[in-house]
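Please read the points alongside the sequence and the coordinates.

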Amino acid sequence: MSDCIFCKIVNGGIPCSKVYEDEDILAFNDIAPARPVHVLVIPKKHISSLMTATPEDAPVFGKMLAKANEIAASQGSSDGFRVIINNGRVGGQEVPHLHMHIVGGPDPVGPMLKKL
């Protein structure tokens, strides 16, 4: 997708602080980290969100999750981390290219949401 910022990163048009890459996925440090460890993991294939994913996309999602611990540990979060995938407007997705946040660091991440 020509106007997608993450596709531009995959294609080398926009630089990133890469922490992992293979033929299917790319992981890089978030430019506005919310935690000491904040890495984005994206499929190289443009997939808008989990809401548009197909069964054929399952292997790349499995790879993203399988690599999460290795990526988190390599960035200094070997004692645990959180994985977040936001989807659509209600889910808080800001970039319309599926991406997984790996967040962590030396201290606990904290509660997911405030109680209503």
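1. Asn29 stands opposite Val39 in S3. This model is predicted: local features require pLDDT of at least 70, side-chain atom pairs count only at pLDDT 80 or more, and totals for chains, interfaces and linings use all residues. Residues are numbered from 1 along each chain as its sequence is written, and side-chain values use heavy atoms, without hydrogens and water.

2. Strands S2 (residues 25-29) and S3 run antiparallel and are joined by 5 bridges. S3 also pairs with S5 (residues 100-104), again in the antiparallel sense, over 5 bridges; here Val37 stands opposite Gly104. (Strands, E, of at least two residues and helices, H or I, of at least four are DSSP runs numbered from the N terminus; pairing needs at least two DSSP bridges.)

3. In S3 (residues 37-43), 7 of 7 residues are buried, meaning under 20% relative accessible area with a 1.4 Å probe, protein chains only. Val37, Val39, Val41 and Pro43 point one way, and His38, Leu40 and Ile42 the other. In a regular strand, side chains alternate between the two faces of the sheet.

4. The largest pocket has a lining of 21 residues; Phe6, Asp30, Ile31, Leu40 and Val95 lie nearest its centre. Helix H1 (5-10), S2 and S3 each supply at least two lining residues, and H1 gives the most, with 3.

Methods:
Buried means under 20% relative accessible area, exposed over 50%, partly exposed in between (1.4 Å probe, protein chains only). On a 1 Å grid over the protein atoms alone, a cavity is a set of points where a 1.4 Å probe fits but cannot get out, and a pocket is an open set with protein on both sides within 12 Å along at least five of seven lines; lining residues have an atom within 4 Å of a point.
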